[in-house]
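Here are my notes on the model, point by point. Please read them with the coordinates open.

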Amino acid sequence: AQSIRGRSELMREEPPLDMLVQVRRRMNPDDGLLLCVDYGLGQVAHRVITLALTRDSLSFRQCRFNSDWSCALDMPQPLDAKLERRALNLLHDSIYAPARHVLHGHQRLYVFATNEMAKLSFDALLADTASADIRHCHPLVLDHAISYPYFLLPSGLKSEEEERGTLFLAPRSGSGSLTDLRLLRAAMAQWRKGPLAGLLDSSVTTGVAALQRITQAGTLVWGGHCGGNGFLGDEPMAYLTNSMFERTAALLPSELLALHAAPSFVIHAACRSGSFYPYGNSGSVSFARAFLFVGSRTVVAAQNVADEASSIKIIDFLLNALADGVPKDIALQRAKLAYLEQAPSAEQTRPLYWATWQVWGEANAVQRKGSGMTWYTWLLLLGGTITMALGIHRFRKIRALNRGPQVTSSARPVSRDGN
């Protein structure tokens, strides 16, 4: 990652030769890992290798790439929901089912995927196709909290989520052809008052100004539009307004690579903020990868197009789950399950509405300085203590007033001998 940035001096260590041993040492009993390598020569002998790993088990398999999978890998999502379900079921049976005996029962699943497999939302894989309602097809999100680490971070790195505060970078309203994102701006105005309370800024007008603001945040919630591949070397482009033609009001992932500081935790609420052209190798990066390359610990972003209304619900559920202090991958799993539980129709259970959101990087809990409890918990405790103290003071004052003035005597005490 540092070589891509041209900052090789920041490389801490080379990858260990005994990689499997080192990975297993880092894993908890509840962890599973799925390596999914897609390789081929110009679509000739196109194969997928899968390696499933836990602390005490391992499964290795390879299979041919099935062209019928493409319906679940297309960007944007296919219009035919039935073909989509079939493709997700075929992927489940080819990629996950052979390793199920190893991974079943392990709540947290870390996925390393390449090329076409990197387009896939693994928690949307379906064990069945019996219903148009995804909830009745046993999606993999029911079994695992999935995240995409990209690489293993060195231990001992300090999180700065609290030290530099939270910034909500909202999209500006404009006269462009893209959706105005009015609902998202309103939601961000509410989120800034919640568990990740911070500063709301919707005044940023240029990419240069956005980069400056980003470096000042410990946690960044960034909303807006993000154009897909096909721009400037197959990089996606993030727009600060609803116009696609204001280049000065837009950012490319490669422009993040020069940052000297990055938010520790990023929620990038934009279409395809986590996607990249899979055959671009290291020359093309997504926003999620770019943030990780410059030092962010965790990025929540969209692999595909994102519906505004459902995305607001997902992020709302996510923030509430993070408030409980759970790891970010488990928090996003809870958010997706909460969304599916309240989805009003079978159409809105399709992966387009929930599976596009994924966790990249380190899926730890939100870190708060010097405490295992979140800031608002301490604020509630402090508020409760102050309220109790004021109540006690007022009670004593009222009791003293009810007693009336105290009568004191100026007579000297008389001793037993009369003096």
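1. Contact, as used here, means heavy atoms within 4.5 Å. Helices (H or I, at least four residues) and strands (E, at least two) are DSSP runs, numbered from the N terminus. Buried means under 20% relative accessible area, exposed over 50%, and partly exposed in between, with a 1.4 Å probe and protein chains only.

2. Ground rules. The model is predicted: local features need pLDDT of at least 70, side-chain atom pairs count only at pLDDT 80 or more, and totals for chains, interfaces and linings use all residues. Residues are numbered from 1 along each chain as its sequence is written, and side-chain values use heavy atoms, with hydrogens and water left out.

3. Helix α11. This helix covers residues 328-342. The expected span is 1.5 Å times one less than the number of residues. For the 15 residues of α11 that gives 21 Å, and the end C-alpha atoms are 21 Å apart, so the two agree. The buried residues in α11 are K328, D329, I330, A331, L332, Q333, A335, K336, Y339 and L340. They pack against the strands β4 (108-113), β5 (145-147), β12, β13 (298-302) and β14 (357-361), and against helix α10 (308-322).

4. K328 and a ring. K328 is one of the buried residues of α11. Its charged end sits over the ring of F265, 4.6 Å from the ring centre. The criterion is NZ of Lys or CZ of Arg within 6 Å of the ring centre and within 35 degrees of the ring normal.

5. Aromatic pairs. There are five in the structure. Rings of Phe, Tyr and Trp (its six-membered ring) pair if their centres lie within 6.5 Å; planes under 30 degrees apart count as stacked, over 60 as edge-to-face and the rest as tilted. How are the rings of W222 and F291 arranged? Their centres are 6.3 Å apart and their planes are at 85 degrees, so the pair is edge-to-face. It links distant parts of the chain: W222 is in strand β8 (residues 219-223) and F291 in helix α9 (residues 287-293), 69 residues apart. Both W222 and F291 are buried. Elsewhere, F122, Y148 and W360 form one aromatic cluster.

6. Salt bridges. The structure holds 13. The test is a side-chain nitrogen of Lys or Arg within 4 Å of a carboxyl oxygen of Asp or Glu. D201 and R213 meet at 3.0 Å, N to O. This pair also links distant parts of the chain, with D201 in strand β7 (residues 199-201) and R213 in helix α7 (residues 207-215), twelve residues apart. Both D201 and R213 are buried.

7. Further salt bridges. K119 pairs with E116, and their closest N and O atoms are 3.4 Å apart. K119 is partly exposed at 24% relative accessible area, whereas E116 is buried at 13%. R247 and E255 meet at 3.3 Å, N to O. R247 is partly exposed at 35%, and E255 is partly exposed at 29%. Salt bridges with shared partners also join E84, E347 and R350 into one network.

8. Positive phi. Most residues other than glycine have a negative phi, and most peptide bonds are trans. Two residues deserve a look on this count. Phi of L181 is near 60 degrees. L181 is in the loop between β6 (166-169) and α6 (182-191), and counts as buried because its relative accessibility is 8%. Phi of R272 is near 55 degrees. R272 lies in the loop between β12 (265-269) and α9. It counts as buried because its relative accessibility is 16%.

9. T166. Leaving aside neighbours within four places in sequence, T166 is in contact with L196, A197, G198, L199 and T219.

10. Cysteines. The structure holds zero disulfides, a disulfide being a pair of cysteine sulfur atoms within 2.5 Å. For C36, the nearest cysteine sulfur is that of C63, 7.8 Å away. C36 is buried, with a relative accessible area of 0%. For C271, the nearest cysteine sulfur is that of C226, 7.8 Å away.
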